[in-house]
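Student: I have a new model open on my screen and would like to learn how to read it. Could you take me through some of its features, one at a time?

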Amino acid sequence: MTQDNNTGDQPPPEPPKRGSMRFQDSNTQPRQPSLAEQRARQQALAQEERDEELARQSDAKAATRRKILIGSGVTVGLVGLVATFYTVAKTENVTAVCTDKDGVVVQNDDYCDDNYVTSHGGYHSGGFLFLPIPGGGYNSYRYNYGGTGVVGQRVAGGSYDPPSARTNVTTKSGKSVQRGGFGISGKSGSGGSGKSGGS
């Protein structure tokens, strides 16, 4: 009778590998880390702390940069606002000359003063002041603002439109026609309206 032998069909069992552990019970003590492992852990912890410090510094710099940008933007905005205010609020000085209907400069500035004209029987209309003349009729007068010229000659330059209320307007003789201010029209030297003769 032949004996049945299966040993050739199965591979021989593998011997256990050196240093390997098949199981660990609760009484097993963990081995102490080697000197190299301790150094590696310390270096890893130190690197992690450096990375965190760099991240904090980067965040602080970014926050400071944002504050500086916001602050400089506010400063630029305020400077622009103040500059605009002073540009708008700045009072200008303009000299007015009294002219007749042909634009010729007349001797008497009172001919362009509303109070003087109305007290002498005249009136104003369409930007002109009408002063009665002896024998009937009216002569018309109005201020030219910023123009130049001598009595008896046509005015050169300037405008017949009254300047803004922020403008100081005086005649060559020093009489105040309009006192400037921020949006406020003043009274003339003779007690008339601030825009006498030009309205």
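Tutor: Happy to! Let's begin with a single side chain: lysine 175 counts as buried, because its relative accessibility is 17% and the cut-off for buried is under 20%. Keep in mind that this is a predicted model.

Student: Which residues form salt bridges with lysine 175?

Tutor: The general idea is that side chains of opposite charge can pair when their charged atoms come close. Here, lysine 175 pairs with aspartate 113, with 2.8 Å between the closest N and O atoms. Lysine 175 also forms a salt bridge with aspartate 110, where the closest N and O atoms are 3.4 Å apart. Through these shared partners, Asp110, Asp113 and Lys175 are joined into one network.

Student: Is aspartate 113 buried or exposed?

Tutor: Aspartate 113 is buried, with a relative accessible area of 1%. Aspartate 110, at 28% relative accessibility, counts as partly exposed.

Student: How many salt bridges are there?

Tutor: The count comes to four. One of them joins the side chains of aspartate 102 and lysine 101, at 3.8 Å from N to O. Lysine 101 counts as exposed at 55% relative accessibility, and aspartate 102 is partly exposed at 41%.

Student: Let me step back to the overall fold. In what order do the elements run from the N terminus?

Tutor: To read a fold, list the helices and strands in chain order. This protein chain has two helices and six strands, and from the N terminus on they run α-β-α-β-β-β-β-β. Buried residues make up 22% of the 199 residues.

Student: Which residues touch the most other members of the largest nonpolar core?

Tutor: For a core, look at which side chains make contact with one another, then at the elements that supply them. The largest nonpolar core has 13 residues, and those touching the most other members are Ala96, Cys98, Cys112, Tyr141, Tyr143, Tyr145 and Val169. The strands β1 (92-100), β3 (128-132) and β4 (138-145) each supply at least two residues of this core.

Student: What about charge on the surface? Which residues form the negative patch?

Tutor: For a charged patch, look for a group of like charges. Glu48, Glu49, Asp51 and Glu52 form a negative surface patch. Aspartate 51 belongs to helix α1 (residues 35-89), and its relative accessible area of 42% makes it partly exposed.

Student: Which residues gather in a patch of positive charge?

Tutor: That patch, also on the surface, brings together Lys61, Arg65, Arg66 and Lys67. Arginine 65 lies in helix α1 and is exposed, with a relative accessible area of 53%.

Student: Which residues form the nonpolar patch on the surface?

Tutor: Here you look for nonpolar side chains with accessible area. Ile70, Val74, Leu78 and Leu81 form such a patch, with about 410 Å² of accessible area together. Leucine 81 is found in helix α1, and at 57% relative accessible area leucine 81 is exposed.

Conventions. Residues are numbered from 1 along each chain as its sequence is written. This is a predicted model: local features need pLDDT of at least 70, side-chain atom pairs count only at pLDDT 80 or more; totals for chains, interfaces and linings use all residues. Side-chain values use heavy atoms; hydrogens and water are left out. A nonpolar core is a set of buried Ala, Val, Leu, Ile, Met, Phe, Trp, Tyr and Cys residues joined through side-chain atoms within 4.5 Å. Buried means under 20% relative accessible area, exposed over 50%, partly exposed in between (1.4 Å probe, protein chains only). Helices (H or I, at least four residues) and strands (E, at least two) are DSSP runs, numbered from the N terminus. Patches are made of residues with over 30% relative accessible area and no salt bridge: like charges are joined within 9 Å, nonpolar side chains (Val, Leu, Ile, Met, Phe, Trp, Tyr) within 5 Å. Accessible areas come from the Shrake-Rupley method with a 1.4 Å probe; for residues, only the protein chains shown count as cover. Lys and Arg count as positive and Asp and Glu as negative; His and the chain ends are not counted. The place of a charge is taken as NZ of Lys, CZ of Arg, CG of Asp or CD of Glu.
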